[in-house]
Structure formats: structure tokens, C-alpha cells
Amino acid sequence: MKYRIEKETKTALPTYGKYRAKAIHQHTIDTRQLIDELAKRSRSNMDASIIKPVLIGLSEIIMEHLRNGDKVKLDEFGLMKLEIESEKVDNPQDFKPKHIRGVRLHFIPESREGSQALYKDIKFEKEKRL
């Protein structure tokens with residue numbers, strides 16, 4: 001995983017002016033590529049034409065459950081849930097929907113005996129700037 005060093009520029013944060021590592025995302029893997037890779041790795045020799053509707057259907061079902069407030073756990077992958085980000089108010093009776101700033105997806109990788117396979121064997125490499 002490549003990263004670069006960046007200075008915190010948000011003045012409201014207590015870490016303003018300090019430096020941190022930021023991940024560099026070099027590629028975006030799309031549905032077509034996932035389907036092709038899954039077809040190649042499939043133990044049952046499934047064709048891409050079978051995988052695509054299953055993958056799209058699965059994503060639709062997952063999104064529906066997340067929007068309904070459910071957590072979605074996929075074996076061998078992890079747990080997904082939506083969390084609300086909101087402003088803070090002094091009195092609970094003062095809270096209104098307008099205080100909700102947004103919704104974020106939280107993903108918690110599956111863990112076995114304190115080890116998360118998703119993070120296993122990640123090698124970090126600092127970006128080489130020109």
C-alpha cells in the first residue's frame with residue numbers, strides 16, 4: 001500500500017499543522033473486473049454471465065438492509081453498518097433532523113483470534129515524488 005506524508009490543514013483540529021500518512025489509491029476496481037476475477041477463481045467454473053446478476057443482486061440487498069438500519073455481516077469478509085454523523089446539542093429536546101450532517105459506512109473486517117485477514121501482509125511503501 002502506497003502512502004504520502006501530508007500536513008493537516010484543518011485549523012479546527014487539534015492536530016492542525018502536524019504531519020500524517022495518507023493512503024494513495026491507485027486503482028478503482030469496478031464490477032466488471034470483480035466479475036471476471038471471480039469467474040477465473042471460481043471452484044465451480046461459474047461463467048461471468050451468472051456471476052454479474054448475483055453480484056448486483058447482492059449489492060442491492062446489502063444496501064437495502066443498511067438503509068433500514070441493519071448490520072450486514074459477510075462471512076470471511078466483515079461487518080458493515082451505517083452510522084450517523086451529527087452536530088452536538090446541549091439539550092436532547094433541542095435535537096432536530098437538521099442537526100444530522102450525514103451518514104457514513106463503517107466496515108469492520110472479520111477477526112479471528114485477534115487477527116484480521118484483511119490487514120495481513122500489507123506492505124507499506126512511501127510514494128516516490130518527482
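1. Two strands are said to pair if DSSP finds at least two bridges between them. In this predicted model, three strands form an open sheet, and their order across the sheet is 2-1-8. The pairing within this sheet is mixed. Strand 2, residues 19-23, and strand 8, residues 125-126, stand at the edges with a single partner strand each, so one side of each has no neighbour in the sheet.

2. The contents of the chain may be set out next. The chain holds two helices and eight strands. Read from the N terminus, the order of the elements is β-β-α-α-β-β-β-β-β-β.

3. Strand 1 covers residues 2-7 and pairs with strand 2 in the antiparallel sense, over five bridges. Within this pair, Ile5 has Ala21 of strand 2 as its bridge partner.

4. Lys2 is a residue of strand 1. Is Lys2 buried, partly exposed or exposed? Its relative accessibility is 30%. Buried means under 20% and exposed means over 50%, so Lys2 counts as partly exposed. Leaving aside residues up to four places away in sequence, Lys2 touches Lys22, Ala23, Ile24, Gln26 and Glu125. Lys2 and Lys128 are 126 residues apart in sequence, while their C-alpha atoms are 9.2 Å apart in space.

5. Strand 3 (residues 72-74) and strand 4 (residues 78-86) run antiparallel and are joined by three bridges. Val72 stands opposite Met80, which belongs to strand 4. The hairpin of strand 3 and strand 4 has three residues between the strands, and Glu76 in this hairpin takes a positive phi near 70°.

6. How many bridges join strand 4 to strand 5? There are nine, and these strands run antiparallel. One of the bridges links Leu82 to its partner Leu105 in strand 5. As a general point for reading such elements, the side chains of a regular strand alternate between the two faces of the sheet.

7. Val103 lies in strand 5, which spans residues 100-109. With a relative accessible area of 46%, Val103 is partly exposed, because the cut-off for exposed is over 50%. Val103 touches Leu82 and Glu83, when residues up to four places away in sequence are not counted. Ser86 and Val103 are separated by 17 residues in sequence and by 8.8 Å in space, C-alpha to C-alpha.

8. Taken along the principal axes, the box filled by the C-alpha atoms is roughly 55 × 50 × 35 Å. Buried residues make up 12% of the 130 residues. Of the contacts with a separation of 6 or more, 30% are between residues 24 or more positions apart.

9. The chain has 27 positive and 21 negative side chains. The centres of these two sets lie 6 Å apart.

Conventions. Residues are numbered from 1 along each chain as its sequence is written. This is a predicted model: local features need pLDDT of at least 70, side-chain atom pairs count only at pLDDT 80 or more; totals for chains, interfaces and linings use all residues. Side-chain values use heavy atoms; hydrogens and water are left out. Helices (H or I, at least four residues) and strands (E, at least two) are DSSP runs, numbered from the N terminus. Buried means under 20% relative accessible area, exposed over 50%, partly exposed in between (1.4 Å probe, protein chains only). Contact means heavy atoms within 4.5 Å. Lys and Arg count as positive and Asp and Glu as negative; His and the chain ends are not counted. The place of a charge is taken as NZ of Lys, CZ of Arg, CG of Asp or CD of Glu.
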